[in-house]
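Subject: Structure for your review

Dear colleague,

My notes on it follow directly after.

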Amino acid sequence: MESPATKVRKRIREACEPCRRKKRSVPGERPVCSLCTRLGQICTYAGSSRASGLFDGIHDAVQSDLPTSCQLVPDFEDPSDGAPVLEDRVQNLDDKVTEVLHQVRSLAASQAIPQRDADHYANVAVSDPANDLLPNSSVTKRAAELYLRFCHCQPLPLFSPTHFVSKIGLREPEMRLCIVGLSLRFQDGEQQQISDQTESRKYLGRARALVMRRITDGRIELSTLQCLCLLALADFNDGNPQQAGLFLSFASEISRSARLDVFAREDTIDSNTEGHVRTLWSIIMLQYLCGSFSYMTISFDVSLLRHPPSDATNALALGNSQNGSYSQEGENDLGVVAYASQMSEVWYTVRRYVHHRGKQDKYPPWSGQSIYSSIMFRQMELESQMPHKHRFRPSCFADHSISVLSTNRHYWAPWLYLQIVYHAIVCTLNHPLLLSMHLRRFRVNQIPELFLQHTADLITSHTDCIIHLIEIAREKHFRFSNPFLGQCIAIVATIFMQQSYTEDRNVRVDKQAKFATCLQFVQDLGRHWTHVKEMVSTVSSLMLISMLIEGGC
């Protein structure tokens with residue numbers, strides 16, 4: 001028989017479950033206590049609704065007054081009272097976590113930017129803590145002009161250029177911060193660029209905070225998605241792919257929940273739906289260019305979507321068509337931006353193929369059932385659907401003056417992107433390193449000589465085409481700004497590096513000169529984008545290592 005000293009005293013539960021978890025002193029009325037009645041929360045006692053305690057606790061934590069301090073230390077039950085100790089501990093810890101999260105959300109909501117009309121954004125007060133880093137109107141206008149010149153459709157067709165500059169002051173603070181932070185890097189002057197990179201980080205950092213606050217508060221608008229696209233573009237090419245993937249995931253999930261694809265399925269695109277269509281295609285482009293290889297968040301058939309309207313055309317090509325230089329009969333022109341988007345889809349497939357080093361392809365590359373052949377077929381199919389005027393020879397790129405190319409960048413920048421990516425797809429698929437890794441699974445006598453000769457000819461012709469495009473653009477003083485072109489040209493540079501190791505001196509000198517041309521192209525882009533600058537270091541290191549190995553041999 002137990003002595004009174006050793007007998008464990010059982011705790012009598014007088015309080016209901018919500019009040020007991022919050023350690024409130026209450027009289028314990030039944031069936032509903034007075035405190036729960038006053039707070040409007042569900043009042044249950046032990047044994048009455050044990051299975052739903054976890055959800056009741058969350059409901060109570062949200063609707064009741066929060067304590068002054070939240071501690072994530074559970075209060076342990078006495079095992080002798082017959083209560084399930086582990087369940088109570090987990091339940092109590094969950095309630096504490098819920099209270100902390102609720103406090104954080106309440107704090108964020110108290111500091112959130114309220115929704116205001118455009119007049120407020122145009123006359124924002126300097127004392128507003130949410131807008132301490134907003135640039136003045138002249139800086140914002142200059143940034144908008146730089147954005148249209150160096151970022152619009154390079155590669156994202158995010159905004160309509162009509163009235164973009166004149167109405168930039170009426171946009172949301174986070175939008176202005178994104179535009180300024182993204183555009184400052186394109187100002188002229190080496191020292192000016194170094195100074196602007198620091199300012200750019202400040203503006204983009206503040207824009208991130210405002211955008212995430214909007215998402216947390218549930219005040220999501222179309223401009224929020226546009227800002228997420230700009231932030232994903234900036235972060236990925238500034239060397240922060242994880243954060244870029246986070247913003248891209250947010251934008252993809254929100255656009256899917258909001259059914260933005262419905263606007264792109266309509267028969268016509270008017271001024272009310274154009275912004276939705278442009279935003280949707282910008283998200284799709286980002287998925288193609290820097291999205292994950294493991295999954296695609298695009299859950300609809302993009303071939304059924306209408307593309308945004310083109311912002312510019314090639315006047316000289318149109319003139320040639322009217323003069324009968326080539327026929328436009330039966331051609332349905334979607335615009336150069338639409339064809340650049342379609343080619344980006346093929347480029348994504350190539351990137352995924354390279355990422356897996358061709359191991360997912362169970363067929364040899366010369367087989368019609370292989371992934372290699374399907375990519376080549378898809379590229380030729382897109383080329384056959386493209387109007388003749390957008391191709392290299394009819395476009396007469398070399399015949400345009402410097403001023404025409406500069407003032408019509410809305411056409412020529414995506415056109416050059418289309419041409420370079422088109423050739424880079426073939427170069428990457430037939431890269432000597434990738435092919436050698438893919439062909440290891442086959443014996444030498446199984447590999448057709450015709451296939452090897454065909455791939456060598458494809459590499460030679462398409463790498464030379466890219467060099468030709470770069471040289472013409474250099475003669476025309478055309479300034480590249482699309483960061484994703486750096487990846488394409490860096491791949492071509494590695495091909496020239498591999499081809500330069502030959503005993504033929506003339507071939508070696510030619511390939512080394514073309515390698516230098518590619519490296520200079522990537523270096524010029526690297527002045528604006530950190531990720532591209534890192535590519536220069538990587539390619540240069542590979543070249544140095546190869547030279548040391550060759551010298552040692």
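In this predicted model, the axes of helix α6 (residues 137-150) and helix α7 (residues 173-183) approach to within 8 Å and cross at roughly 65°. The crossing of α6 and α7 is left-handed. On the α6 side, the contact is made by Val139, Thr140, Ala143, Ala144, Leu146 and Tyr147; α7 contributes Arg176, Ile179, Val180, Leu182 and Ser183. The loop between α6 and α7 holds Pro155, and the peptide bond leading from Gln154 into Pro155 is cis, with omega near 10°.

Two further backbone features may be of interest to you. Cys396 has a positive phi of about 55° although it is not a glycine, and His477 likewise has a positive phi of about 55° without being a glycine. Cys396 is placed in the loop between α15 (392-395) and α16 (402-407), while His477 belongs to the loop between α19 and α20 (484-499).

Next, the charged side chains. A search of the whole structure gives 17 salt bridges. The following are among them:

- Arg214 with Glu221, where the closest N and O atoms are 3.7 Å apart. Arg214 is buried at a relative accessible area of 2%, and Glu221 is partly exposed at 27%.
- Asp217 with Arg219, at 3.9 Å from N to O. Asp217 counts as partly exposed because its relative accessibility is 24%; Arg219 is buried, its relative accessible area being 14%.
- Arg259 with Asp261, at 3.3 Å from N to O. Here Arg259 counts as partly exposed, with 45% relative accessibility, and Asp261 counts as buried, with 4%.

The bridge between Arg214 and Glu221 is part of a network of salt bridges that links Glu174, Arg214 and Glu221.

Is Lys514 buried or exposed? Its relative accessibility is 16%, and the limit for a buried residue is under 20%, so Lys514 counts as buried. Leaving aside residues up to four places away in sequence, Lys514 touches Asp464, Ile467 and Phe496.

Helix α11 (residues 274-290) has 17 residues and reaches 24 Å from its first C-alpha to its last, close to the expected 24 Å.

The burial of these helices was also examined. In α11, 16 of the 17 residues are buried, so this helix is largely enclosed by the rest of the structure. In α14, the buried residues are Tyr372, Ser373, Ile375, Met376, Gln379 and Leu382. An α-helix has 3.6 residues a turn, so residues three or four places apart point the same way. What covers the buried residues of α14 includes α13 (336-355), α17 (409-429) and α19 (449-475).

Finally, the confidence of the prediction. The mean pLDDT of the chain is 79, and 73% of its residues reach 70 or more. Which helix has the lowest confidence, and which the highest? The lowest is helix α3 (residues 53-63), with a mean of 38, and the highest is α17, at 96. Over residues 48-84 the pLDDT is below 50, and this stretch has 73 contacts in the model beyond near neighbours in sequence. Residues 107-130 also have pLDDT below 50, with 35 contacts in the model counted beyond near neighbours in sequence. Where pLDDT is low, the predicted coordinates should not be read in detail.

With kind regards

How values were computed. Residues numbered from 1 in each chain as written. Predicted model: local features only at pLDDT ≥ 70, side-chain atom pairs only at ≥ 80, totals over all residues. Heavy atoms only, no water. Salt bridge = Lys/Arg side-chain N within 4 Å of Asp/Glu carboxyl O. Buried < 20%, exposed > 50% of the residue type's maximum accessible area, 1.4 Å probe, protein only. Helix = DSSP H or I, 4+ residues; strand = E, 2+ residues; numbered from the N terminus. Contact = heavy atoms within 4.5 Å. pLDDT = per-residue confidence, 0-100. Expected span 1.5 Å × (residues − 1). Axes fitted to C-alpha atoms, helices over the stretch in contact; angles between N-to-C directions. Left-handed = near helix turned anticlockwise from the far one by under 90°.
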